[in-house]
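Me: I would like to go through a protein model feature by feature. Please give the general idea for each, then the case at hand.

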Amino acid sequence: MYKPILLFLLMLPGGLLLANIKVQTTLCEYRENPIGVDNTKPALNWTMVADLRNVKQVAYRVLVADDSLLLKKNDGNIWDSKKVISDQCIQVEFGGKTLKPVKTYYWKVMVWDNYGHQSHWSKMATWQMGLLTKSDWNAAQWIGYSKMPDKELIVPAIDNWSDSRWNQGSDTLPLLRKEFFARKTIKSAVVYICGLGQFELSINGKKIGDHFLDPGWTQFDKHALYVSFDVTKNINPGKNAVGVMLGNGFYYIPGERYHKLKGQFGYPKMICRLVVQYSDGSEDNIVSDGSWKVLAGPVTFSSIYGGEDFNANLQQHGWKSIGFNDKNWKKAVIVDGPPQLDAQMQDPLKIFETFNAKSITQPKPGIWIYDMGQNASAIPFISVKGKAGDMIKITPGELLDNNGLVTQAAVGSPVYFNYTLSGNGIESWQPQFMYYGYRYLQIEGGVPVKKPNSKGLPLLLSVKSLHTRNAAKRIGTFTCSNTLFNKTFKLIDWAVQSNMASILTDCPHREKLGWLEETHLMGNSIQYNYNLETLFHKIVRDLIHSQTPDGLIPDIAPEYVRFDGGFRDSPEWGSSAVILPYDIYKWYGDKNLLAESFDMMNRYVRYLDRKAQDHILYFGLGDWYDIGPKDPGYSQLTPKGITSTAIFYYDLKMMTEVAHLLNKPEDEKWFTTTAAQVKIAYNNKFFDPTTYQYGTGSQTANAISVYTGLVDENDKGKVLNNIVTDIRKHHNSITAGDIGYRYLLKVLSDGGQSDVIFDMNSRSDVPGYGYQIKKGATALIESWQGNRNASNDHFMLGHLMEWFYNGLAGINQDDNSTSYRNIIIRPEIVGDVTTASASYNSPYGIIKSEWHKHKDGLNMSTTIPVNCEAIIYVPSQKTSVITESGQPLGLSRDVQSLGYQNGKTLIKVGSGQYSFRVK
């Protein structure tokens with residue numbers, strides 16, 4: 001009796017079926033409702049969900065309007081794409097009218113699927129344009145407390161302690177303020193601001209946003225980033241006050257306390273434009289200029305390396321609010337700034353977890369040690385009560401010495417924070433412009449509550465550790481039945497989090513520099529865990545700005561200091577300039593970034609070619625921190641020339657594909673020819689055809705040769721056997737270092753040897769992850785051996801993270817795919833692991849893979865996003881009985897069996913959820 005009604009409900013006018021497919025998320029420039037967009041043809045992405053399997057988009061229609069009411073009426077006055085017959089739902093380039101600075105645009109999308117379903121319009125989304133040209137700053141000027149004389153600039157920075165400038169002193173960290181009047185009814189307000197080295201913005205007494213350490217670190221002599229905030233709710237009708245506090249960051253590094261570098265781009269400075277738009281269409285602009293007032297602030301010392309001091313007696317109470325008497329403040333000084341300002345599009349740093357002390361000890365009278373339980377990038381927070389002028393000293397550290405005191409011996413000292421009390425009741429404080437990597441806080445000058453206090457020292461009411469990192473969303477999950485693997489995942493993840501700032505740092509304490517090998521060697525691991533599209537884009541642009549005129553890509557970017565030898569020019573590091581843009585294309589489908597990067601990529605590869613001797617490169621750091629007879633450092637087991645030349649060849653092969661993608665036939669021909677020459681030279685130089693060994697036969701030498709394609713196909717199996725033999729000879733332990741270990745894992749996994757990976761990493765009696773955990777590490781250590789003289793929060797050796805996702809759980813993409821459009825689910829069931837589960841929120845949506853091994857066989861479930869296809873490798877025997885959702889494979893019309901291969905049944909599926917059972 002309900003059939004006629006059901007048929008009616010399933011029909012749209014014109015006979016189309018009602019929506020079975022739904023647009024779930026919409027992104028502009030990889031973000032939800034972004035402001036400050038400076039791309040005049042922004043990329044639009046959307047994901048979809050459906051309640052049927054094998055669903056694909058066959059068409060879309062995008063509407064963009066400059067008025068929300070127009071968009072609600074389906075009037076795309078800025079862009080109406082009309083119905084486009086296409087399955088594209090990522091990297092859809094805006095194709096409408098010219099976009100204007102500051103203006104807000106409203107958009108939505110509708111899609112059609114392969115079943116004839118038409119979706120409803122997506123929810124309305126927005127983006128707001130930033131400042132596209134210098135004139136868009138509306139005559140805003142750089143202002144500060146004072147101007148640094150040109151003779152005092154130290155650009156690039158120095159790392160030479162004997163240089164007379166090394167101990168040059170500190171600067172003034174200023175407060176800047178301005179009051180203005182909002183004349184009419186406010187429709188919207190947005191502020192565009194850059195404060196160097198770092199800034200905090202307040203309006204009417206309240207901090208704007210929840211960011212930490214804005215803006216991101218860049219090559220400040222070339223460009224800087226401005227940050228955009230929607231402040232509509234912060235502006236009041238009538239009088240308003242803007243306050244800006246400035247810190248040093250990498251813009252000015254004081255000569256006091258510990259500092260890895262000594263650099264001075266200038267004194268702290270700021271530029272801003274606040275646009276207040278009124279309901280009648282008019283607007284006011286409040287810009288930085290000489291009318292602003294400035295005064296030295298209560299932060300009396302700030303160093304990105306050495307710590308931070310705050311004197312509460314110097315606070316200017318009410319300085320961020322209207323009506324404050326600033327007659328004793330001086331006028332701001334007009335200064336120069338970086339020649340180029342770009343929108344900060346990467347996620348900002350924010351504060352995440354809060355750690356309380358697991359224990360409090362007193363190793364010496366007057367010294368208290370707070371064990372926060374986790375080594376992480378963080379800032380201390382204290383709540384204290386005491387007399388005016390009393391000082392609390394906080395010394396952070398990763399480790400304790402034999403006396404139970406904090407030691408900074410491995411990462412540089414002294415580093416500490418001082419807080420001078422005002423005596424006005426309970427006082428709370430946390431650093432604003434510096435963070436550090438630590439587990440322990442050593443506190444002097446105060447006494448914990450309920451502890452003896454015969455000297456009447458300030459009471460420490462609360463001590464916490466506030467973890468800070470890049471605010472990229474977590475998009476991946478992993479767990480398995482192996483406890484050590486779960487602990488290893490956590491160990492690596494904490495090191496990743498601690499080094500996700502506005503660059504990917506090596507460590508959160510000693511250097512905080514963007515050592516580039518990590519971006520391409522660990523990029524494949526962290527892209528599973530965090531949505532780093534915008535940060536990776538920013539890093540590529542750091543590379544572009546750091547490239548030298550002769551094509552060199554230095555080992556660090558931004559290149560604040562020029563190191564010597566391999567620490568500046570190592571192909572395994574510099575090749576991030578080639579590998580990272582290509583990887584971003586593979587991960588996210590961004591072909592435009594390839595085009596933007598091509599000149600840099602091309603120049604770097606040709607730079608390497610010029611430095612080659614008979615097509616071989618003999619310079620660089622090699623397999624950094626491998627395990628040899630000496631203390632870790634330079635490569636010990638793999639001869640010079642192997643890793644650098646293999647990476648060079650890998651670059652050339654990659655550039656051949658990139659040139660083809662970008663339709664550059666002459667370049668493609670050169671890359672192809674040169675790659676062939678390098679391959680011949682490499683095998684003539686390093687390959688022994690009688691033993692099938694490369695170089696010394698180290699794990700790294702053989703693995704990198706296989707992975708990069710330098711090994712002839714006929715020899716690959718024998719070289720792989722040599723790799724396995726070497727691992728077994730070393731009693732299933734690791735010898736590969738920073739460069740080689742990722743390739744070792746990939747070659748073993750691709751070669752069906754995940755059982756060897758299990759054997760290497762499921763133990764704690766030899767150097768490796770388990771060894772570090774057994775020694776008490778809570779974040780990955782710089783050396784396999786877990787040395788105390790190394791950084792105890794380093795993510796350069798965390799490559800097993802990638803295997804957890806694409807090996808144990810089995811989430812991969814096809815070699816010819818981008819953005820995980822064509823998915824490979826190929827789990828490896830090894831060792832004592834009985835269950836594994838992982839999810840990854842790809843550009844197309846959630847991919848899940850889960851399996852459970854039991855006495856009767858195997859259960860395996862998989863989720864594939866709309867618009868995607870997958871080949872699922874189901875572990876089985878040839879005689880196994882496999883069902884999907886309770887039905888034999890042959891009876892399910894949603895799956896296609898592709899045969900049997902190497903212990904797995906291959907099954908092709910489209911989007912949807914699938915449940916397999918193997919008996």
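Me: How many of the nine residues of helix 12 (residues 699–707) are buried?

Reply: This is a predicted model, in which local features need pLDDT of at least 70, side-chain atom pairs count only at pLDDT 80 or more, and totals for chains, interfaces and linings use all residues. Residues are numbered from 1 along each chain as its sequence is written, and side-chain values use heavy atoms, with hydrogens and water left out. Buried means under 20% relative accessible area, exposed over 50%, and partly exposed in between (1.4 Å probe, protein chains only). Helices (H or I, at least four residues) and strands (E, at least two) are DSSP runs, numbered from the N terminus. In helix 12, eight of the nine residues are buried. They are Q699, T700, A701, N702, A703, I704, S705 and V706.

Me: Which elements do the buried residues of helix 12 pack against?

Reply: Contact means heavy atoms within 4.5 Å. The buried residues of helix 12 pack against several helices, including helix 10 (642–661), helix 11 (665–686) and helix 13 (716–729), and also against strand 40 (693–694). Just after helix 12, G709 has a positive phi of about 90 degrees.

Me: Which residues other than glycine have a positive phi?

Reply: Among them are R257, with phi near 55 degrees, and K450, with phi of about 75 degrees. R257 sits in the loop between strand 17 (238–247) and strand 18 (262–264), and its relative accessible area of 15% makes it buried. K450 belongs to the loop between strand 36 (447–448) and strand 37 (459–470); K450 counts as exposed because its relative accessibility is 83%.

Me: Where is the peptide bond cis?

Reply: Omega is the angle to read. The bond from V155 to P156 is cis, with omega near 0 degrees, and P156 is part of strand 11 (residues 154–158). The bond from A557 to P558 is also cis, with omega near -5 degrees; P558 lies in the loop between helix 6 (533–546) and helix 7 (571–574).

Me: Is I271 buried or exposed?

Reply: I271 counts as buried because its relative accessibility is 4%. Its place is in strand 19 (residues 269–278). Leaving aside neighbours within four places in sequence, I271 is in contact with residues including W137, W142, Y192, C194 and L341. The C-alpha atoms of I271 and V287, 16 residues apart along the chain, are separated by 7.7 Å.

Me: Why does the protein count as being as compact as a globular protein of its length?

Reply: The radius of gyration is taken over C-alpha atoms, and the globule rule is 2.2 Å times the number of residues to the power 0.38. The protein has 17 helices and 51 strands. Its radius of gyration is 29 Å, close to the 29 Å from the globule rule for 919 residues, so the protein is as compact as a globular protein of that length. Buried residues make up 61% of the 919.

Me: Over which residues is the pLDDT below 50?

Reply: pLDDT is the predictor's confidence in each residue, from 0 to 100. The protein averages 96, and 98% of the residues score at least 70. Over residues 1–17 the pLDDT is below 50, and beyond near neighbours in sequence this stretch has 16 contacts in the model. Where pLDDT is low, the predicted coordinates should not be read in detail.
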